[in-house]
Amino acid sequence: MKFELLRKILGGFLLVSLCIFSFSIPFQDYLSIPTHVTLFEGDQLSFPKTAKVSAKVRHDGESVNVFSEKKLLTVKGNTTGEDEIFFEFAGIPIKKVDINVIKDFKVIPGGHSIGVKLNTLGVLVVGHHLVETKSGKVSPGERAGIKVGDIITEINDEKIETMSDVAPMVKKAGEEGKSLKITIQREQEIIKTSLNPEKDQSEQSYKLGLYIRDSAAGIGTMTFIDPKTKKYGALGHVISDMDTKKAIVVDDGQILKSTVTSIEKGSDGKPGEKLARFSSDHEVIGDIKRNSPFGIFGTLDKTLSNEKYDKPMPIALSNQVKEGPAKILTVVEGNKVEEYDIEIVNTIPQKFPATKGMIIKITDPKLLKKTGGIVQGMSGSPIIQKGKLVGAVTHVFVNDPTSGYGVHIEWMLREAGINIYKKQHEKAS
């Protein structure tokens, strides 16, 4: 009887102790460790060390080592491969973590001011207008069900690439009194409709009643260049049409060298802007293959020099970025890439690609005096922390131009078609 009572008391004591420990901050730190962690060769990941907590590796020394020092348990990636770590409390398993060690990857950081020219897939409808006909004002395009943001890709089964392709077809159809067969892309949907051009009485010409555009241009900042493939990433956010506010669907495009001529300083409620011009010879230095939520991507034809960082630099994964001091590279005058101090106020170790991974704040007095903080045209400026490229500036907070968002470099590399997770045997093949 006494033994049974003693057993219950002891069991209750252990249960209470375990419950108290489980709510302690160090224990919660262990539970919050992701079940899947990726490390580069040579990188380390440390956790607060707690009494009675230990860690074991299934294949110690092959890909991963775990060692204890002072108040930390540290996991170190040795060579490419996969392994498992088991965290235990007093011999009781509390967490299993899969570790993937990948080859160290380096890119050349950007910071250069670049000019951007995009050619749309087909022609983009940016508005409707009324045509003055004999029977009154009408928009043939709106009557045909064509909406702002639609992309006209074909007319009469012929591919449309520029606005100059449209005018002769409209004139011919109008003079012959025939309708045009229009193919449009709306989001992911392909729609076919017919449109009858109407004769404008004031100009005596046939019109669609649509405002259309086939290209867009602007400036931004280069983020990174892969020294091996010459693939690049820039801007850190999608390029949207100024009228429709929708992402421009790119057929092709070019990037050019750009020179910053002046700065319109930002203030509360009014974002500032870099004013720049394309190089005088309009020399194309690369193409644009993709316009995505994470920026623009393509391949460079010409070399871009960076006096600050002209050698490849390691990158950091999203789970390796820490709150604290960092730097950005950008141009505020001419073509000179300069380094400025910032603070990473908040960072999210994202498991899946997302555009808002960091909140940053400009702290450099020189940059604040010149720009007021983050300005338009600064998007894509690389963020560097502890000698690693961690991401890029993307957006400014309208009500606080000193602060804004950043995107993790991990997701920009993925959008560029660079697979940093490839296993060693895949690289060999």
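Biologist: What makes strand S26 count as mostly covered?

Modeller: Keep in mind that we're looking at a predicted model. Strand S26 takes in residues 324-330, and five of its seven residues are buried. A residue is called buried when its relative accessible area is under 20%.

Biologist: And which strands does S26 pair with?

Modeller: Strand S27 (residues 338-347) is one of them, and it pairs with S26 over seven bridges in the antiparallel sense.

Biologist: Which strands close into a barrel, and in what order?

Modeller: Six of them, in the order S26-S27-S28-S32-S31-S30, with antiparallel pairing. Ignoring direction, neighbouring strands in this sheet are turned by 45° against each other on average.

Biologist: What is the order of the strands in the open sheet?

Modeller: That sheet has three strands, ordered S2-S5-S4, and the pairing is antiparallel. Its edge strands are S2 (44-48) and S4 (64-69), each of which pairs on one side only. From one strand to the next, the twist averages 20°.

Biologist: How do you know that S4 and S5 pair?

Modeller: By counting bridges: six of them join S4 to strand S5 (residues 72-77), and the two strands run antiparallel. With a threshold of at least two bridges, six is enough, so the strands are paired by that rule. In S5, Leu72 is the bridge partner of Glu69.

Biologist: Let's move to side chains. Why is the pair of Phe397 and Tyr405 given the type it has?

Modeller: The structure holds one aromatic pair. The ring centres of Phe397 and Tyr405 are 4.9 Å apart, and a pair needs centres within 6.5 Å.

Biologist: How many salt bridges does the structure hold?

Modeller: There are 22. Take Lys103 and Glu41: their closest N and O atoms are 3.7 Å apart, and the limit is 4 Å, so the pair is a salt bridge. Lys103 sits in the loop between strand S7 (92-102) and strand S8 (106-109), and Glu41 in the loop between strand S1 (36-40) and S2, so the contact ties together parts 62 residues apart in sequence. Lys103 is partly exposed at 32%, and Glu41 is partly exposed at 24%.

Biologist: What makes Lys366 and Glu338 a salt bridge?

Modeller: Their closest N and O atoms are 3.3 Å apart, and the cut-off is within 4 Å. This pair links distant parts of the chain: Lys366 is in helix H5 (residues 365-371) and Glu338 in strand S27, 28 residues apart.

Biologist: How far apart are the closest N and O atoms of Asp400 and Lys361, and what do they form?

Modeller: They are 3.8 Å apart, and the two residues form a salt bridge, as the distance is within the 4 Å limit. Asp400 belongs to strand S32 (residues 400-408) and Lys361 to strand S28 (residues 358-362), 39 residues apart. Asp400 is partly exposed at 27%, as is Lys361 at 33%.

Biologist: Which residues are linked in a network of salt bridges?

Modeller: Glu84, Lys96 and Asp98 are linked that way.

Technical notes. Residues are numbered from 1 along each chain as its sequence is written. This is a predicted model: local features need pLDDT of at least 70, side-chain atom pairs count only at pLDDT 80 or more; totals for chains, interfaces and linings use all residues. Side-chain values use heavy atoms; hydrogens and water are left out. Helices (H or I, at least four residues) and strands (E, at least two) are DSSP runs, numbered from the N terminus. Axes are lines fitted to C-alpha atoms, for helices over the stretch in contact, and angles run from 0 to 180 degrees between N-to-C directions. Rings of Phe, Tyr and Trp (its six-membered ring) pair if their centres lie within 6.5 Å; planes under 30 degrees apart count as stacked, over 60 as edge-to-face and the rest as tilted. Buried means under 20% relative accessible area, exposed over 50%, partly exposed in between (1.4 Å probe, protein chains only). A salt bridge is a side-chain nitrogen of Lys or Arg within 4 Å of a carboxyl oxygen of Asp or Glu.
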